Amino acid sequence: LACRRARLSPEEVWYCGDNPVADIEGAAGAGLTPLWYTGAPQPAYAVPRQPPRCPCRRVSDWRELTREWA
């Protein structure tokens with residue numbers, strides 16, 4: 001719905017998030033370009049994150065978005 005309202009195709013949209021399943025696999029499933037943000041610190045008690053099961057670019061610092069892809 002957001003792509004349609006913005007008059008963009010899913011292939012023209014990037015989605016950046018830190019959850020490998022909900023954000024990255026979900027974005028890929030919707031046809032968006034997924035960017036996996038890995039720069040957020042994980043609490044000591046957190047279960048280690050498994051990587052997404054789809055191709056994606058990793059971003060560890062928000063500045064990478066403007067430096068590399070702007």
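Helices (H or I, at least four residues) and strands (E, at least two) are DSSP runs, numbered from the N terminus. With that in hand, hello everyone, and let's walk through this chain together.

A word on the model before we start. This is a predicted model, where local features need pLDDT of at least 70, side-chain atom pairs count only at pLDDT 80 or more, and totals for chains, interfaces and linings use all residues. Residues are numbered from 1 along each chain as its sequence is written, and side-chain values use heavy atoms, with hydrogens and water left out.

Let's take the overall picture. The chain has three helices and three strands, and along the sequence they follow the pattern α-β-α-β-β-α. The C-alpha trace spans about 40 × 25 × 20 Å along its principal axes. Of the 70 residues in the chain, 26% are buried; buried means under 20% relative accessible area, exposed means over 50%, and partly exposed is in between, using a 1.4 Å probe and protein chains only.

Now to the sheet. In general, strands of a sheet pair through backbone hydrogen bonds, either parallel or antiparallel. Here, two strands count as paired if DSSP finds at least two bridges between them. In what order do the strands of the open sheet come? The order is β1-β2-β3, three strands with parallel pairing. The edge strands are β1 and β3, residues 57–59, and each of them pairs on one side only. From one strand to the next, the twist averages 30 degrees. For angles like this, axes are lines fitted to C-alpha atoms, for helices over the stretch in contact, and angles run from 0 to 180 degrees between N-to-C directions.

Let's zoom in on the pairings. Strand β1, residues 14–17, pairs with strand β2, residues 33–37, in the parallel sense over four bridges. Why is β2 described as largely enclosed by the rest of the structure? Because four of its five residues are buried.

Next comes the helix between those two strands. Together, β1, helix α2 (residues 20–29) and β2 make a right-handed β-α-β unit. Right-handed here means that, with the strands pointing away from the viewer, the path from the first strand over the helix to the second runs clockwise. Helix α2 lies across β1 and β2, running at about 160 degrees to β2.

D23 lies in helix α2. Is D23 buried or exposed? D23 is buried, with a relative accessible area of 14%. Not counting residues up to four places away in sequence, D23 touches Y15, G17 and D18, where a contact means heavy atoms within 4.5 Å. The side chain of D23 also reaches the backbone nitrogen of N19 at 2.9 Å. That is a polar contact: a pair of N or O atoms within 3.5 Å, where within protein one must be able to donate a hydrogen and the other to accept it, and residues adjacent in sequence count only if both atoms are side-chain atoms.

N19 itself sits in the loop between β1 and α2 and is partly exposed, at 33% relative accessible area. Its own side chain reaches the backbone nitrogen of A22 at 2.7 Å. N19 and Q50 are 31 residues apart in sequence, and their C-alpha atoms are 9.5 Å apart in space.

Last stop, the aromatic rings. Rings of Phe, Tyr and Trp (its six-membered ring) pair if their centres lie within 6.5 Å; planes under 30 degrees apart count as stacked, over 60 as edge-to-face and the rest as tilted. By this rule, the count comes to one aromatic pair. The ring centres of Y37 and W62 are 4.2 Å apart and their planes are at 15 degrees, so the pair is stacked. This pair links distant parts of the chain, with Y37 in strand β2 and W62 in the loop between β3 and α3 (63–69), 25 residues apart. Y37 is buried at 12% relative accessible area, whereas W62 is partly exposed at 46%.
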